[in-house]
Amino acid sequence: MKTMKRRPGMVMAGLATGLLLAAGGAGAQGAKVKVGFMLPYTGTYAALGNAIENGFRLYVQEQGGKLGGRELEYFKVDDESEPAKATDNVNKLVKRDQVDVLVGTVHSGVALGMAKVARETKTLMINPNAGADAVTGAMCAPNIFRTSFSNWQPGYAMGKVMAEKGHKRAVTLTWKYAAGDESVGGFREGFEAGGGKVQKDLTVPFPNVEFQALLTEIASLKPDAVYVFFAGGGAVKFVKDYAAAGLNKTIPLYGAGFLTDGTLEAQGDAAQGLLTTLHYADGLTNAKEKTFRAGYMAAYKAEPDVYAMQGYDAGQLLGAGLAAVKGDVKNQAPLIAAMEKATIDSPRGPFTMSKAHNPVQDIYLRKVEGKQNKVVNVAIKGLADPARGCKM
Amino acid sequence: MREVLLRATAISKTFGGLIAVDNVSLELRRGEIHALIGTNGAGKSTLINVLTGELRGANGRVELDGQDISAWPQHRRARAGLGRSYQRTNIFPGFTVFENCRLAAQAGHQRPWSLAQAAGRCAVSGGAAQRALRLAGLEGHEHRLAGIMAHGQQRQLEIAMCLATAPRVLLLDEPLAGMGAEETVRMLELLQGLQADHAILLVEHDMDAVFRVSSQVTVMVDGKVLASAAPEAIRANPAVQQAYLGGAQ
Amino acid sequence: MRFRFARLPMAFALFALVALAALPWLATPYMVDLTTKIMIMAIFALSLELLVGGTGLVSFGHAAYFGVAAYAAALLAPKYDAASLPLLFAIAVLAAGAYALVVGALVLRTRGIYFIMVTLAFAQMAYYIFHDTKVGGGSDGVYLNIKPELTILGWKPFNLDNGLHFYFFTLVLLAAVFVFLTLLLRSRFGCALAGIRVNETRMRAAGFPTYSYKLAAFVLAGMLAGVAGFLFAAKDGFVNPELLSWHQSGAVLLMVILGGAGRLHGAVVGAFALTLLQEAFASEAIFGSFAKHWQLLLGATIILAVALLPEGLTGVADEIRAWRLRRRDAGQSAGATDA
Amino acid sequence: MDLATFLIQCLNAIQYGLLLFLVASGLTLIFGIMGVINLAHGSFYMMGAYFAYGLAPFVAAWFGESFVLTLVLGLALAVLIGYALEWAFFSFLYRREHLQQVLMTYGLILVFEELRSILAGNDVHGVNAPAWLAGSIPLSDLMTYPVYRLFISAVCVATGLVLYVVIRQTRLGMMIRAGASNREMVQSLGINIRLLYRIVFAAGVGLAALAGMIAAPVSTVYPNMGSQVLIICFVVVVIGGIGSIRGALVASLLVGIVDTFGKVLFPEGAGVVVYLLMAVILLWRPEGLFRSG
């Protein structure tokens, strides 16, 4: 005790050494494939992180706990959806736990930090959600894959849909951040290609959820339709505010799918009838969807959502690669080649990988009915992200 | 006539609507102790604060050695030779007595860019501090923490810190407040010793002390100068007796 | 507030230096990487300590200077070439200093809690400028893809791509900043800052231009934060608006307080303690499945630390010493009155 | 912008401002009187919102659905929690430096956030407004205004009035005012400062939780909702002048106006305008608009 009081630094250094040895020394080299989940387990996106992990583990369980004949060992890091800590957190997996595969994450800024490290360390990375265009655009790399979507995809599809519905003038609204800008950019491309015109782009500072001023602005602009990009708590609040302002009766609201995903219980009546575009929907009838849904219900006593599905497909994609190299995860070139060529039998419907490693997939038009995003039709079949800036 | 070191002309200071100092003029000469008396709230401390530049936005003109310093900020006035002590003890309680004085002395020799030398080894400020401590009668207490000394000693330190900046004009705000009889005598002796090459403004409530040491007395009432004259003349002034001395007795 | 900068905790500093220099031979690459990160945060915390402990200015927006330097480094580095290390370093530090000069000149008019809040306001402004405009790639941030290099007449003394080199580069800078601040705080400038912290009125009355002193300290602290920000950008090559967020300002303030404000080594200890505690609590190897509730453990630990260690982690020894000094002094003055 | 739109925007600004006022008033009380920089204030707001979500089923099961009863119950619970927290975590802190309180309240945020995750999960939840407040009023040809938002404003105004009366007209209010302007004086008057602090803290927590409960039907409840409110409330308190309820009101409305029109008129700089306002006001008046009164 006495030395401790005199030399707190020594104690700290001692603690540091001990701790780091304990953390770093664990996990000797074995036949297991090390999978590192870097996902949000606390904070705003904690529920999403859990769903993704559950989906991934479900697929592996279905394969008897093995992919490519190898058992998997999991490591987890809470990324806190905190881009400032992104590279540190990913280093915990890459350098401390020395994982073979990175799976993550939800937040786009964090995902870009991950992609940076993955590129430099050549660690295989599968992104099961974050939609930042750059992950399979400017940041694209042979070892980086995505099983979800790019922000551009649902936006572009919705632009097409709205133009086809005969809307001529639209107003867009999103949080002022990259994901919103990209989604709106995709929308503008699709909408203007179909002959529409974006009247005005409105934004709210992230993560401000006071929308009233902009609703008033929308009412005074009197567009034919409104396209928005929001997610989580902001999506719930926006949809409710839009309905409370009575605008849903006069100016139809459309959005990228996350407007109504995982949020319908909270949105209640306000969301009924809303049309959104996404690469997944309720009421899909393919066989994979049925087994997936049943399996997930049995394993976790909860309905799977789009995040769980993306996690599941991340498992499938990895499985496809590992099968080709018989589990030899270090043999990266053929592993990547197999993943590139794979056709993933996803619950969303089969998809393949684009050259930049983003899914080439059907984007569905969905309509909110009750607590479900019911599929209306396929908005665009086999839509590929333009992968701007990708030099691969 | 002795040399005027500090001349204040038509000083006024208002707070909101309240006039704290109203058109006050006075001169401080080398070799003189100029007493400033008046009831609480008469504006004495405010006047000192205006003279030292601690309060800005006053009207009137302050000259030091014939140079107009009205627009100068406080620290520049202090470095030009305007030293003050505070009515309420205003020291660095967590520092040692020596460090209190040394820091004050350092003001005259700042050199913030000389990083290689430890402040405690600065001979100039250390010497000045030592001299000031000796003058103020605090020799032997150098290494005690200032904050836990007796009140009288803290008052001495207050003066020592003022002296350590090597001022030519001393503005002393009730230096005797809270001092015992013995300490008072010693302080008055100190002031009389300093008189020779300083101009001293002494704000004080102890009338015996005031009349013992001062050569000029100014009486303030409600922010205005009621009278300013030699001590005997003040004692005899009926207006002063009425307004102040009479009221007190 | 005790005046103790003169007494350098030499033993601590030397021991820590030796321990850190030896670490790469004892530890895994990950530990080296983590320690690099902690040392960067320690430089950041030291810069804030100059304000909080050294001058009595509690800045709640210190991340702004860290972030501005990081952005300056990332944005001004050439895209496909290695930047010159000294040049990029100087630019980043000066950029942080320039922003600190502008902000400091304005915010030093306020005091106390208001000062805390205005510094926050200016940091938030910088945050939104990087987050909402295209200046720095918006919320996605920007990359510094190629690490800067130092070349002296064609000779490269070290290569920052090498983790070990980067580690020692950071360690040298940390030691340099620590020594610099130690010298600074015991110099006349540092003593004047300490005087300003305790009693600014008296300092002005003595003839110190306190505003200029505070501004100098503020700019210096901003530049030192810039050193940390530059290192951060160079290490990870990924710069994001969140570097300027109030969370980041809060985290570095926590390090200073947890370590013990008023002691230089407190900032270093605080940086290590906070990072390692979080690392430990979030580690499944130690806490198993409870690790996902790491916030609970960290929060409870912080609360306990406040309750039991009022002067911070490094304050324990000082408190005992101060108590002894007080007791001795009380005895002395009692003796004096008797005589 | 035509006149009708302008007027509607003013209504939005005031409505937002009033809600901010409700959260910030508790913060300014705690801040001004106890000198505690309470970072956990946002957590109390979140706690209130989760009360509105979590208590409603219980109230419905035991007493039948009643929004008002949920409010009352939640408020009582929040005040009790505030009282207990002050006793457990703050009562020994007053003689320490402000920075220690920052650290303590930061620790509390982490604990609250994690408890919320353990108790209520990480999902977004909606809270239904009571049926009797579900309607809306037509404002323009396209827009309607929900009655519930008017109800929020009414509660905020009513709370403001109650605070005003308590602070101006009661003995407790006298002590609070004295405490805000001069802590030593209160102690020398022989007032039980510990009890005063405990009451003030409990009241502050109550106000934050009330704001959270009232706002829940429009804001919905979700993780980390407190931290978004926290910083903007600090801005309000500092602009208004620490400890001043009147200042908090004026500042809330100012922030509401600047935020509302900032979003519409300068979308590029909408994030900055509120902080710009704060910086400008503090540079003009370094102690805020109304110094403690």
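The buried residues of helix α1 of chain B are K44(B), T46(B), L47(B), I48(B), N49(B), V50(B), L51(B) and T52(B). Buried here means under 20% relative accessible area, exposed means over 50%, and partly exposed is in between, with a 1.4 Å probe and protein chains only. Just after it, G53(B) has a positive phi of about 85°. Helices are DSSP runs of H or I with at least four residues, strands are runs of E with at least two, and both are numbered from the N terminus.

Some housekeeping. This is a predicted model, where local features need pLDDT of at least 70, side-chain atom pairs count only at pLDDT 80 or more, and totals for chains, interfaces and linings use all residues. Residues are numbered from 1 along each chain as its sequence is written, chains are lettered from A and ligands numbered from 1 in the order in which they are written, and side-chain values use heavy atoms, leaving out hydrogens and water.

Next, aromatics. Rings of Phe, Tyr and Trp (its six-membered ring) pair if their centres lie within 6.5 Å; planes under 30 degrees apart are stacked, over 60 edge-to-face, and the rest tilted. By this rule there are 50 aromatic pairs over all chains. One of them is F115(C) with F218(C), edge-to-face, at 6.3 Å centre to centre and 85° between the planes. F115(C) sits in helix α5 (residues 112-132) and F218(C) in helix α9 (residues 210-236) of chain C, so the pair links parts of the chain 103 residues apart. Both F115(C) and F218(C) are buried.

In chain D, F44(D) and F112(D) are also edge-to-face, with 5.6 Å between centres and 75° between planes. This pair joins helix α2 (residues 41-63) to helix α4 (residues 98-120), 68 residues apart. Why do both count as buried? F44(D) has a relative accessible area of 0%, and F112(D) is at 15%.

Chain A has an aromatic cluster made up of W175(A), Y177(A), F206(A), F211(A), F229(A), F230(A), F238(A) and Y242(A).

Staying with chain D, V127(D) lies in the loop between α4 and β1 (136-138). V127(D) counts as buried because its relative accessibility is 7%. Its C-alpha atom is separated by 25 Å from that of A202(D), 75 residues apart along the chain.

Last, K122(A), in the loop between α5 (108-121) and β5 (124-127) of chain A. Is K122(A) buried or exposed? K122(A) is exposed, because its relative accessibility is 54%.
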